[in-house]
Amino acid sequence: MPYNTLEDIQLRKDELKANIQQQSGQISTVWRELTTPHPTNTKGEMIAGLIANSITAIDGFLLVRKLIRNYGSFFGIRQKKRR
């Protein structure tokens with residue numbers, strides 16, 4: 001889109017600024033919804049959440065353990081014994 005005058009550039013700049021502000025408001029709304037903790041209503045939901053968090057923690061621990069076992073010497077975390 002060719003711009004012929006400084007006024008055309010200023011109008012386009014204002015349009016883009018308004019668009020960015022609108023999208024920023026939408027992003028902040030979605031982000032707030034995602035990061036706000038939702039209260040658990042029942043004991044069953046609370047227990048399910050604890051189990052899910054525990055499984056995630058165990059999975060992360062096993063992943064780190066496997067990476068250190070396979071690539072630890074590469075990063076100097078674990079030195080292999082030479083015979």
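**Reading a predicted model**

Tutor: In this predicted model, Arg-12 and Glu-15 join their side chains in a salt bridge, at 3.6 Å from N to O.

Student: What makes the contact between Arg-12 and Glu-15 a salt bridge?

Tutor: A salt bridge needs a side-chain nitrogen of Lys or Arg within 4 Å of a carboxyl oxygen of Asp or Glu. Arg-12 and Glu-15 have 3.6 Å, N to O. So the pair qualifies. Side chains of opposite charge can pair when their charged atoms come close.

Student: Where do Arg-12 and Glu-15 sit in helix α1?

Tutor: They are three residues apart in helix α1 (residues 6-35), so about one helical turn separates them.

Student: How many salt bridges does the whole structure have?

Tutor: The search finds one.

Student: Why is Arg-12 called partly exposed?

Tutor: Its relative accessibility is 32%. Buried means under 20%, exposed means over 50%.

Student: How do you know which class Met-46 belongs to?

Tutor: Use the cut-offs of 20% and 50% again. Met-46 has a relative accessible area of 42%, so Met-46 is partly exposed.

Key: Residues are numbered from 1 along each chain as its sequence is written. This is a predicted model: local features need pLDDT of at least 70, side-chain atom pairs count only at pLDDT 80 or more; totals for chains, interfaces and linings use all residues. Side-chain values use heavy atoms; hydrogens and water are left out. Buried means under 20% relative accessible area, exposed over 50%, partly exposed in between (1.4 Å probe, protein chains only). Helices (H or I, at least four residues) and strands (E, at least two) are DSSP runs, numbered from the N terminus.
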